[in-house]
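Reader: I would like a close look at one residue and then a tour of the rest. Please keep it brisk.

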Amino acid sequence: MKLGLVIDLDTCVGCNACAVACKQWNTSGTTGPLTDFEPYGKDPTGVWFNRIRNYEVGDYPNSKTVHFPMSCMHCDDAACVTVCPTGASYKREEDGIVLVDQDKCMGCNYCAWACPYGARELDREDGVMKKCTLCVDRIYDENLPEDERKPACVMTCPSHARYFGDFDDPNSEVSIISRERNGEQLMPELGYEPVNKYLRPREKKNVDTYVNETNSIKAVKDWVNRLVAR
Amino acid sequence: MHPALSVIFFTVTSGAGYGLFAITCLYNSISQSHPLGDEGVLLSCAIALGLITFGLISSTFHLANPKNAWRAFSRVRTSWLAREGLLAILFYPIAALYMVTIWKGIGGYNWLAVISMLSALWAITTIFSTGMIYACLKTIRQWHNALTPINYILLGAMLGGLIFLFIVSMYEPVITGLVVTSTYLIIIAAIAKIVYFFWIGTPAGPTINTATSFTRSMVRLLDVGHTAGTFLTEEFGYQVARARLIALRWLVLLFAFAIPALVLWVGVGLMPISVVFAIAVISGFIGVMIERWLFFAEARHVVNLYHGTQQC
Ligand code: SF4
Ligand code: SF4
Ligand code: SF4
């Protein structure tokens, strides 16, 4: 199995619900807590497994605001795992999920340096590295109803911009949708082979903001005006 | 990248220590009779081990969870950090064997040659793997090139050479051959560093376009998403004004290379020899410390692309 996410940049509205759901689920999950510092103070900061940034793509009027959620890509060639000296970081054979064994980590940050996607964050309180677990403590939980055995972020997304599944199965939802809509890897040139795929917004013609009045009389007037001007 | 003092101390002092040890072994095995004597060789080795140990202890201050540091040798097969740690730890018994050989005068000439070569090679390999810790990261273009380990080795050897000069000068005032060799080392190290500065000159790595997959249009950051600093901004967001970086590069060239080379060249006749070498050592250390600080400050991690940098 090769488990991962597909993120649809066309429908994501940037509401941050996935990030909040992630934080809520994981702070009491296997790698929790996701420590916060000064949560009610002036500069609240803390550990997140999922962050959303916002970009403008293209130039006005052919531009679009793109909301961009990023969590661990569970890379096929995960340098975060190979560089880890302690063996705390590992990639599971059976489903490709990349995890950190909190009991082995010495908090050297080296894996975070090796990750191009900013997916790893040191918990300064616990002194260990933390990251997206692909909700490994949800997706196999047999106490949950079958259709809830999905990552918290996928479950919660109100615009259905996140898909979860097995990329090794050509007929899975994630395989089909990333095939049909050209799912893209981020920074493929680094060769990490990130498993998560991003669907770019569908290309649409720009809709004019101002619609000019057009009728035949105006067209004749314009034509006469242009003639006179010459 | 955020320049952490503990890592700067670690790489500079342990590099100088390994350089000094290697040079001591080589010098002692190549020249049959020399002013140092066994006592001088042992003193030199002891100073080298002191520097190495200081560096290694300093490196553990960088760890957020040092109680697991003993696990750092588990992934030797894939991790340069684990390799460096293992090479550094195994260096101690080898160094001890070398020092016992000198101290007790055991073994014949062949054994001395073998153990000298082994210690020297081991020391250089350890500096090499320190450099590879950084050079193997594809995420940082300024580090991911062959000049990184070369600079580490050359600067370690250069500092080691300067300290060695100082130690030898305590036994013998006229050591022209060594001074010349040391000056060559400084020049070679300087050339490699200057090439590095040019090599990393302008951004040439991944762009915000490949980072976001929008490779056919302009991409600009609108909102970075966080309202206060994060681990990512603290660790990777470190930025210094370009003019300051350039000024610091000149300071590196001045302190690490120009001053030591100049005092070795013209100072030998003018001042007491130990003052000359002391100036060279101190200036060299200051210069290489700045060099190591710059090595981090100039490095641009690709995660900055997601924070709005156009190219790394
Ligand atoms: S996204 Fe980063 S942390 Fe996740 S597997 Fe890839 S390199 Fe490792
Ligand atoms: S911070 Fe922990 S998981 Fe990351 S490389 Fe260091 S020991 Fe491994
Ligand atoms: S898969 Fe789970 S841990 Fe990963 S971002 Fe989604 S909610 Fe967070």
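Reader: Where is the place of Ala258(B)?

Author: Ala258(B) sits in helix H9 of chain B, which covers residues 242-270. Helices here are DSSP runs of H or I with at least four residues, strands are runs of E with at least two, and both are numbered from the N terminus. The model is predicted, so local features need pLDDT of at least 70 and side-chain atom pairs pLDDT 80 or more, while totals for chains, interfaces and linings use all residues; side-chain values use heavy atoms, without hydrogens and water. Residues are numbered from 1 along each chain as its sequence is written, chains are lettered from A, and ligands are numbered from 1 in the order in which they are written.

Ala258(B) counts as partly exposed, with 30% relative accessibility. Buried means under 20% relative accessible area, exposed means over 50%, and partly exposed lies in between (1.4 Å probe, protein chains only). Ile290(B) is 32 residues away from Ala258(B) along the chain, and their C-alpha atoms are 14 Å apart.

Stay in chain B for a moment. Ser213(B) occupies the loop between helix H7 (208-212) and S1. Its phi is positive, about 80°, although Ser213(B) is not a glycine. Ser213(B) is buried, at 4% relative accessibility.

S1 leads on to a sheet. Three strands make this open sheet, ordered S5(A)-S4(A)-S1(B) and paired antiparallel. Two strands pair if DSSP finds at least two bridges between them. Strands of a sheet pair through backbone hydrogen bonds. The edges are S5 (64-70) of chain A and S1 (219-223) of chain B, each pairing on one side only. From one strand to the next, the twist averages 35°. Such angles run from 0 to 180 degrees between N-to-C directions, with axes fitted as lines to C-alpha atoms, for helices over the stretch in contact.

Tyr55(A) faces Val66(A) of S5(A). The loop between S4 and S5 of chain A holds Pro61(A). A cis peptide bond links Tyr60(A) to Pro61(A), with omega about 5°.

Chain A has another hairpin, made of S8(A) and S9(A), with four residues between the strands. Four bridges join S8(A), residues 120-123, to S9(A), residues 128-131, in the antiparallel sense. Leu122(A) stands opposite Met129(A). Between the strands, Gly127(A) has a positive phi near 70°. In a regular strand, side chains alternate between the two faces of the sheet. In S8(A), Arg120(A) and Leu122(A) point one way, Glu121(A) and Asp123(A) point the other way, and all are buried.

Now the cysteines. The count of disulfides over all chains is zero, a disulfide being a pair of cysteine sulfur atoms within 2.5 Å. Cys12(A) has its nearest cysteine sulfur, that of Cys18(A), 6.5 Å away. Cys12(A) is buried, at 12% relative accessibility.

Ligand 2 has 13 residues around it, and Cys84(A), Thr86(A), Cys105(A), Cys108(A) and Cys111(A) come nearest. A residue is near a molecule or strand if one of its heavy atoms lies within 4 Å of it. The shell holds nine nonpolar residues, four polar and no charged. Ala, Val, Leu, Ile, Met, Phe, Trp, Tyr, Cys and Pro count as nonpolar, Asp, Glu, Lys and Arg as charged, and the others, Gly among them, as polar. Cys111(A) is buried, with a relative accessible area of 7%.
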